[in-house]
Amino acid sequence: KKIFLKDAKRFDFILLIFIITLCLYGTIMVMSAGSAYAEFRYGDKYYFLRRQIFFLVLGLFLMYLTSRIKSTVWYNLAFPLYLVTILLLVLVLVIGLVGNGAKRWISIGPLTLQPSEIAKFTMVLLLCKYFTVNEEKAILSKKKKDIFLYGTVFPFIIIGAIVFLVMLQKHLSCIIILGLIRISLMFVSGIRL
């Protein structure tokens, strides 16, 4: 099966403009905030700027590539990615790197990986799949009990494992973001207030 879309016209240019604007703003902030430290630490005031630009270009390329993947592929990958995310979050607690009193990173050669960032993406995929599969009970049902259970309680249980593992990493800001993602997806899916 082909996993990439054929239709290259389906592209949201307004969203792209916002993304590029945020990336440029972030790059300016990296240059402004990091140049003195880079000069002191590495003898090159552009050290962080070059790294930022490299990863920015790489990120934009990967963004374009993933935007071309069919939604059915993401739908089918939602649960396997959830399991991988849980595994990575557990691995952080076992073999993770400690920084500023928190264990949040896994070292892979010269790179470090923060599984809680992957958890945000995974949770979006999983909740989208969940609300698609359970639309009849979570959104369209006439019974308030079904809407409460399938629209609120079960999605909370689904992300509970991720939130609990992130909580053990002492990563409060990520927990807040995961909660906001969950609430946003509930309302976007059509759950009644």
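Student: Which hand does the crossing of H1 and H2 have?
Tutor: The crossing of H1 and H2 is right-handed. Keep in mind that this is a predicted model.

Student: Which residues make that contact?
Tutor: From H1, they include Leu16, Ile19, Cys23, Gly26 and Thr27. H2 contributes, among them, Tyr47, Phe48, Leu49 and Gln52.

Student: How many of the residues there are nonpolar, polar or charged?
Tutor: The contact of H1 with H2 has 15 nonpolar residues, four polar ones and no charged ones.

Student: At what angle do the axes cross?
Tutor: The axes of H1, residues 13-42, and H2, residues 47-67, cross at roughly 155° and come within 6 Å. An angle over 145 degrees counts as roughly antiparallel, so H1 is roughly antiparallel to H2.

Student: Ok, new topic. How many helices and strands does the chain have?
Tutor: The protein chain has seven helices and three strands. Reading from the N terminus, the order is α-α-α-β-β-β-α-α-α-α.

Student: What order do the strands take in the sheet?
Tutor: The sheet is open, with the order E1-E2-E3 and antiparallel pairing. E1 (97-99) and E3 (111-113) are the edge strands, each pairing on one side only.

Student: How much are neighbouring strands turned against each other?
Tutor: On average by 45°, with direction ignored.

Student: And how many bridges are there between E1 and E2?
Tutor: Three bridges, in the antiparallel sense, join E1 to E2, which covers residues 102-108. One detail you can look up in the structure is that Gly99 has Ala102 of E2 as its bridge partner.

Student: Which helix lies across the sheet strands?
Tutor: Helix H3, residues 71-95, lies across E1, E2 and E3. H3 runs at about 100° to E2.

Student: What about H3 and H4, how do they pack?
Tutor: H3 and H4, residues 115-133, pack at an angle of about 145°, and their axes are 8 Å apart. Their crossing is left-handed.

Student: Which residues of H3 and H4 touch?
Tutor: On H3 they include Trp74, Tyr75, Ala78 and Phe79. On H4, Pro115, Ser116, Ile118 and Lys129 are among them. By class, this contact has 16 nonpolar, four polar and one charged residues.

Student: Last thing, the whole chain. What share of the residues is buried?
Tutor: Of the 193 residues, 30% count as buried.

Student: And what box do the C-alpha atoms fill?
Tutor: Roughly 65 × 45 × 35 Å, taken along the principal axes. As for contacts with a separation of 6 or more, 63% are between residues 24 or more positions apart.

Terms used: Residues numbered from 1 in each chain as written. Predicted model: local features only at pLDDT ≥ 70, side-chain atom pairs only at ≥ 80, totals over all residues. Heavy atoms only, no water. Axes fitted to C-alpha atoms, helices over the stretch in contact; angles between N-to-C directions. Helix = DSSP H or I, 4+ residues; strand = E, 2+ residues; numbered from the N terminus. Parallel < 35°, antiparallel > 145°, perpendicular 65-115°, else oblique. Left-handed = near helix turned anticlockwise from the far one by under 90°. Contact = heavy atoms within 4.5 Å. Nonpolar A, V, L, I, M, F, W, Y, C, P; charged D, E, K, R; others polar. Pairing = 2+ DSSP bridges. Buried < 20%, exposed > 50% of the residue type's maximum accessible area, 1.4 Å probe, protein only.
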